[in-house]
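Subject: Structure handover

Hello,

The structure we talked about is below. My notes on what was found follow it.

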Amino acid sequence: VGTTTEIYLSETTTWSSDSRVTTSADFIWVANPGISAATDPATEYGISQISIADESLTFMPMDEEVSSLTFVDAWKKLFVGSSSRLLTYTYENKEVATQEHEWIGGVIDTAPLDMSFDKVNNALWIAEKNSIHKMLPSGMIVRYGQRQGSPNAEITSVEACGGYVWVGSAV
């Protein structure tokens, strides 16, 4: 007889806007805070991947804090932003088939802060401090900065809805 583990949250539990969580039909991914160098995976930098089917946990280590996290179901890809790179994990049959990265400082200037998938235009929008970027299914990234009419100061978020893109700023 197997055992079942259940997690209960109190009524006072709140989620902050800093939470890095994304889901698919198969998995839940949670970015670990990296608050210590302990051997406990719950405190190391990285991502905990939890299977919805069997509740198994797979730890995906990283050497720095995760700044943004999103899964694009249409592409079967998990995108993970950090201060040095944008990682792309491509899934096939519930397994990571490939892992690629785009170094920060190339097309994307600073750590990706937020990401949102535009279902209407089949594009992933990526927000960083000074511009937004549109990633196409091919992986091509198009930058929209000040010269392209984008808000360009203290960008905090991006959200695609109905074919439109909304950009949040702290200014």
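In what order do the elements of the protein chain run from the N terminus on? They run β-β-β-β-β-β-β-β-β-β-β-β-β-β: the chain has 14 strands and zero helices. Helices (H or I, at least four residues) and strands (E, at least two) are DSSP runs, numbered from the N terminus.

This is a predicted model, in which local features need pLDDT of at least 70 and side-chain atom pairs count only at pLDDT 80 or more, while totals for chains, interfaces and linings use all residues. Residues are numbered from 1 along each chain as its sequence is written, and side-chain values use heavy atoms, with hydrogens and water left out.

Of the 171 residues, 37% are buried (under 20% relative accessible area, 1.4 Å probe, protein chains only).

Arg 85 is found in strand S7. Is Arg 85 buried or exposed? Arg 85 is buried, with a relative accessible area of 15%. Its side chain makes a polar contact of 3.2 Å with that of Asp 63 (a pair of N or O atoms within 3.5 Å; within protein, one must be able to donate a hydrogen and the other to accept it, and residues adjacent in sequence count only if both atoms are side-chain atoms).

Regards

Terms used
Buried < 20%, exposed > 50% of the residue type's maximum accessible area, 1.4 Å probe, protein only.
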